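Please look through the structure below with the sequence beside it.

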Amino acid sequence: MSGAVWRASRAAVKRRRVQTVVIGLVVFCSTATVLLALAVISAARAPFDDAFEAERGSHVTALFDPAKASAEQLAATAHRPGVEAAAGPFDQAVVTIPADWVGRPPGPLALVGRPDPASAPVDRVELLAGRWASAPGEVVVNNPGGGAASRFVGTPLTTNTGVKLTVVGFATDMSQSSGGWVTPEQAAALHPTGRQMLYRFTDAATEQQLTTSLANATEGLPEGAVESGQSYLVLKQAFSAGADAYLPLMTVFGVLGLVVAALIVGNVVSGAVISGYRHIGVLKSIGFTPRQVVTVYLTMVSVPAVVGTVLGTAAGWVAAGPILQAAFSGISTGTAVIEPAGWLPVATLVSVPLLAALAALVPASRAHRLSAAQAISAGSAPRAGRGLKVQRWLSGTRLPRAVSLGLGQPFARPARTALTMAAIVLGVVTVTVTTGVTTTLAKSMAAPDRSTHIDVQTSAFSENKIAPRLTPEQTTAMLHTTPGAEQVSVRGLVRVGILGQPQLVFADFYGGDAMVDHRRLNVVEGRLATGLNEIEAGPAFLDQHGLKLGDRVTLVLEGRQTTVTIVGKEIQGNANAITSNDATRALLTPDPHVVEYDVKLAVGADAGAYQKAVTGADPSLSASVVTPGTEGSVVAIQTFSTTFSALLSVVAALGVFNTLLLTIRERRRDLGMLKSIGMTPRQVVAMTITSVAWQGVVSGIVGIPLGILVHRLIVEHVRIIAFPDSMIDVWGAPLLAALALAGVAIAVLGALVPARSAARLPIAEVLHNE
Amino acid sequence: MSNDHDGTTRPDDAPFVVELSGVHKEFGDAKALDGVDLRIRAGEAVAVMGPSGCGKSTLLNMVAGLDRPSSGTVRVQGQDLGGLNENGLALFRRRNVGMIFQFFNLIDDLPALDNVALAAQLTGTTARQARRRALELLDELGVAHRKDVYPAALSGGERQRVAVARALMNRPALLLADEPTGALDSRSGEQVMDLLIDLNQIGQTLLIVTHDPNLATRCASRLVEVADGKVARERMLEASS
Ligand SMILES: Nc1ncnc2c1ncn2[C@@H]1O[C@H](COP(=O)(O)OP(=O)(O)OP(=O)(O)O)[C@@H](O)[C@H]1O
Ligand SMILES: [Mg+2]
């Protein structure tokens, strides 16, 4: 009899080719979506944690006053209760590099004397290029971006006190414990001003626990021995500040993808079984046991489900890498590697067939309980009683009969209709969110003016070190007098310290005509920092330092300092960057540290000629033409969200397609009858399309407000970008109308093919055979 | 019962409603119809009989425009069906033919009244008008009291009477029936037969396919016997009852 079961299953698969293909296709798309969704969710969740743990990152990087705590005393803190592991003490010295070096602006550089940390108990700094410092005079430079800068290995450096060093390598660590590393002997020779200890604590989940743990570890040291303690939680926040922009978006898309995929697979598979009830009845009447019937149906859906899962996993896996790359391309990831986790294919290979089996099992076990006669009659038509009032009422309306029949059809199978509609609703939500997010981003990136600019970079940024021919003042004058210039702005870039903060920040100082260049961020709250001792900063900076508009901080550079007021909040920006003006810069350093000039050209000016004239006047300058465009990270978000909304729309449309296919199969007889009494093919198409089009309309009515809500939630939770209301309210009437069409489009797209096949149904066959 | 014809029309000089000439139909290699010639005048009642698989239903489908012949011509009401596209055939059926089937083919989620009204509503008749006429028909066929009942709750005979009402909704020139009593018990079968006889009495042209000699002899004025896709024999029957 098992031979009979197998033969019946094979026949069932063969006779339902279209259904088998649809199940396979839906499972394929859904599996790929699920894999991508999981990849995105998992990658967005844990990259910092994974990299941090892999490096055995330090929970607290503490700096001690060497005059108050001896090396022996500090070494003993490693054995205090609560300390899981410790490294150090290491001498720390701060040197100043007076000129541009390895592609960076001049400024202070913190150096820690440390032996090769490859197997250190804490903070295993990761070497990116070159080798670790093994002799005095050698330095390994921290390259926080993570990129290998191997071409700079071998570069000599000279500090402002005349100490000569050679860059022998580049490295980075999630703990950001130092700007560079030298041998312990070299550090001792640099007149260290601090001693560094790196701790991992047993209790390190909260800021509070970290403070307590550090206090326990340093108990018994003289008062004031601890100068500062950098918490990994702050670093983690700074790191994830970039990811935070994307996290809500990706999580939403990921969850949407999972839900839609699950809904559709459930719908398709259970539908296949329900529409087979009549067939089940026949099998039972010829002596199949209930268990054998269930086996036939499980086999019938398992074949395409398994094939779809395997292919979908493969496709998702291939796509996951590039998609993640694109999605995270706007974020600095340190040493964290963004790649799809190895458990993902295992997860989909196990979970999707399980889901399919479950979806088949529920209706199959119902069929299991039905008697043969019940099954035969349950399969021929939906049970009477549901949705009949609606049919009745509709038939009395003035609508064309084909339309009112179509409107009533979905009420006959409310559960199937609900599942299908849920999928369309989620499709609409996705499209709405995508549209909203991309519109908001596009608005936020819209260049304030549309004129052509010439971006002139000084040798500070370029790699070929040609000595400048002109001084900054002369360059400014030259740019002004070269024909075509309308405005010339100057940007200086220096790393400055903030009193009381361990890390240096990048400060942009704008000067010249407009104090605005094509790179300058919009200020969304307050105003541009154009006055003396004024700065502006992005939301991530303010967040991380617990600052707000109107607060004051003290900037420190080369021994000078000045207290500035935060007058503006920029739309976005790095947690380590502030913006100010040239006058304020002059209070800190006489050198303008010009990295860039921005020339706004007059309308109609010859950009090419201007560019040539600039490099002719001073070959150390590199000039490029800038036409207003879109930023890379925006493009990344756009591609990413568009991919997802396209995928989900396709899956939703497939759901509609399948629902109709099933409905049409069940209603073949009715369709044949309608045609026999003179329903035209066009009326059949109208009826079929109507039956789903209204679901599309309703889905639009439900999905759009939901999508708007989700969009608002996302935008408000993106912490590194402060969107003003004007950018959040992107919903104009035309856009809403277009979105309303999305639901209908998804529904109609899925309905087209089945509608036409319904119209072509051979009447004679149907009416006489069923 | 309203009908263009009346009982006094003599079949001999009435116009032809159905004219088949040289109709062939192949399904792949199998020949379902192999050169059928058949003419039916207005007001006639013709019964088609023959062994299972001989091509009776196929013949009926040709006349109804539900299927097209492989060769040969089919004219109904003077109209060559070969000249019509799908859409044209649908409109043709709407106006000229009513069909009843062995298994009734009612729509399960519409009550009796709406099943009948449906046929008229397709042509754009308002729901109110269509329901009024449907009720008249149900009344004439003796099932008006069942108008709000869904097909599942009707007896076989009642279902077939509802189906007949639906077939008559658009006052077709030709009523086609494929085994109309095949699924009914003898008493219900009798009722349906009486109904068909009554319809023919007032001039309705009938083409009935059946296995049941009793049905053929009681209802039909002419018997066409089909074998192997051909008309094997034709004979006139005495007017019944
Ligand atoms: N759609 C079809 N595809 C293939 N063959 C068909 C099709 N319809 C009918 N046939 C074949 O054509 C022949 C005539 O079929 P038809 O249904 O007309 O027979 P019938 O006389 O009505 O039989 P019954 O009395 O059993 O209803 C049969 O051999 C049948 O197998
Ligand atoms: Mg037949």
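Asp114(B) touches Arg392(A), Ser395(A) and Arg131(B), leaving aside residues up to four places away in sequence; contact here means heavy atoms within 4.5 Å. Asp114(B) sits in helix 3 (residues 112–121) of chain B. Helices (H or I, at least four residues) and strands (E, at least two) are DSSP runs, numbered from the N terminus. Asp114(B) counts as buried because its relative accessibility is 0%. Buried means under 20% relative accessible area, exposed over 50%, and partly exposed in between, with a 1.4 Å probe and protein chains only.

This is a predicted model, in which local features need pLDDT of at least 70 and side-chain atom pairs count only at pLDDT 80 or more, while totals for chains, interfaces and linings use all residues. Residues are numbered from 1 along each chain as its sequence is written, chains are lettered from A and ligands numbered from 1 in the order in which they are written, and side-chain values use heavy atoms, with hydrogens and water left out.

Ligand 1 lies between chains A and B. Eleven residues surround ligand 1, and the closest are Ser52(B), Gly53(B), Lys56(B), Ser57(B) and Thr58(B); a residue is near a molecule if one of its heavy atoms lies within 4 Å of it. Helix 1 (residues 56–64) of chain B gives the most to this shell, with three residues. By type, the shell divides into three nonpolar, six polar and two charged residues. In this grouping Ala, Val, Leu, Ile, Met, Phe, Trp, Tyr, Cys and Pro are nonpolar, Asp, Glu, Lys and Arg are charged, and the others, Gly among them, are polar.

An N or O atom in the side chain of Thr58(B) is 2.5 Å from an oxygen atom of ligand 1. For a polar side-chain atom of Lys56(B), the distance to a ligand 1 oxygen is 2.7 Å, and for a polar backbone atom of Gly55(B) it is 3.0 Å. Taken alone, ligand 1 exposes 630 Å², of which the protein buries 61%; accessible areas come from the Shrake-Rupley method with a 1.4 Å probe, and for residues only the protein chains shown count as cover.

In chain A, helix 13 (residues 401–408) is mostly covered, with seven of its eight residues buried. Among them are Arg401(A), Ala402(A) and Leu405(A).

An unreviewed UniProt entry places the feature "transmembrane region" at several spans of chain A, including residues 295–320 and 340–362. Residues 295–320 of chain A are 100% helix and 0% strand, with end C-alpha atoms 35 Å apart. Residues 340–362 of chain A are 87% helix and 0% strand, and their end C-alpha atoms lie 33 Å apart. UniProt positions are given in the numbering used here, feature names are shortened, and annotations may be inferred rather than shown by experiment.

Definitions and conventions. Polar contact = N/O pair within 3.5 Å; in protein donor to acceptor, adjacent residues only side chain to side chain.
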